[in-house]
Amino acid sequence: MRRSRFLTGVAITAMLAAAGCGGGGGDSGGGSGGGGSQGDNTITVWTTEDIADRVAAQQKILDGWAQKNGATVKLVAIAEDQLTTVLTSAAAANDLPDAIAALSLNGMNQLRTDDLVDPEAAKEVVDGLGADTFFKRTLELTSADGEPIAVPSDGFANLLFYRKDLFQAAGLPEPKTYTDIQNAAEKLKKGKVAGIVAATAPADAFTQQTFEYVAVANGCQLVDGSAKITLNSPQCQETFNFYANLIKKTSVPGNQDSFLLDELAGLRKDALPTCPQCKQDPQWLAKNTGILTDLQGPSGPNPAAWGEVVSWNILKDANPKTKDLVTYMMSDGYLDWLAIAPEGKMPARSGTSTNPKEYADGWIKLSAGVDKKEPLTDIYPAEVLTTIVGSSGNFDRWGIPQGQGELASAVAGQYVVPQALAKMLNSGASAADAANEAQKGAEQIQKDLGG
């Protein structure tokens, strides 16, 4: 994830943040193999978790299964933005992997579009583990027509961070609504403190994610129930106006992005908090930051949460043992998998049939951080962590609930909305102009896809 270095009163991020005194991304590999082509005892797994230490951690877990099953697991790290290119080459060479791990919803839907994934294998794994042991929403987002496409493994939520001390001193309520956020950002912007920070880079998935979070809270959707593009709806125009005005009036110059759970606690040397109080107590900022998951816009029917769900994708003609491997990674190896980076890997499976909260409770106790690791429970209140891990049950996403995952993937991949937003921020375009440009861009993509 991208990371921020901002002094803020409020901040919208892939996580919407109202933090303040902010602080402060990976080797990738290419390659292919699999499809059972290397023998019955060899399984090839691609992973988009491509940072070096995470690759090593994944290999260790996979090796644990392999040693017990007389098999070999070859792990290949591939940056997700290179996945389409590598997949195309591997498919042409008949050298696809058996499975792809940590694949985003957009990536999963692309595999489905290209007819590369094996839904029956995913269903077999989910049914074997017990569908009722997963958070229901994670299964819905990784399914089509009521049947699994992939096995949801974990995800992260967009969160709203806010400085509790600043809010209390200013007599401000928790920033649960558009109005709360706007009022707080305007009141707290002074001196070296920005009122708010939010993702704005025009060619960054993070901006798409953050805008989409704010949008679904206001009832702004990519499509309606009949798959008609609705980005120029009144709700979406209202969202463009809200987002852009916040940045222009209460934020800081330049492109922004951030990821905060470990940074706030001073667990990354390259992104240490810089507030004066943090010099004496590196965790001061974490202690004085509130975290919310749901946001409510004036036109939204209900408060909404946004999050990414990543999954295990078993490809067609995979080694038959691949299903056993994925089952292991979602059971005996699951907490080790989440422990790779718990600050960005919330469980998609809450527990087992005999212990329904085993993994949700286990995640809360995991240690987070990069240069320094500490249990999440030593940093954040238990009720906050419980809210975060449970938020996956409320995730809303553009296009996927309406059966338009392929369209949503393409719109996000071509940065239709971030580029329209950038014109509002940089050239004075109106909210209506931005919404209409996004509408036209999405309609062209839909036409190109044959819709």
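Residues are numbered from 1 along each chain as its sequence is written. In this predicted model, local features need pLDDT of at least 70 and side-chain atom pairs count only at pLDDT 80 or more, while totals for chains, interfaces and linings use all residues, and side-chain values use heavy atoms, with hydrogens and water left out.

A disulfide is taken here as a pair of cysteine sulfur atoms within 2.5 Å, and by this rule two disulfides are counted. With the bonded cysteines of the protein chain numbered in sequence order, the pairing reads 1-2, 3-4.

One of the disulfides joins Cys220 and Cys236, whose sulfur atoms lie 2.0 Å apart. The link is right-handed, with 95 degrees about the S-S bond of Cys220 and Cys236. Cys220 sits in the loop between α8 (205-216) and α9 (234-250), whereas Cys236 belongs to helix α9, so the pair ties together parts that are 16 residues apart in sequence. Helices here are DSSP runs (H or I, at least four residues), numbered from the N terminus. Where do these two cysteines stand in terms of burial, buried or exposed? Buried means under 20% relative accessible area, exposed means over 50%, and partly exposed lies in between (1.4 Å probe, protein chains only). Cys220 is buried at 1%, and Cys236 is buried at 0%.

Cys275 and Cys278 also form a disulfide, with 2.0 Å between their sulfur atoms. The torsion about the S-S bond of Cys275 and Cys278 is about 70 degrees, so this disulfide is right-handed. Cys275 counts as buried, at 1% relative accessibility, and Cys278 is buried with a relative accessible area of 6%.

Terms used:
Helix = DSSP H or I, 4+ residues; strand = E, 2+ residues; numbered from the N terminus.
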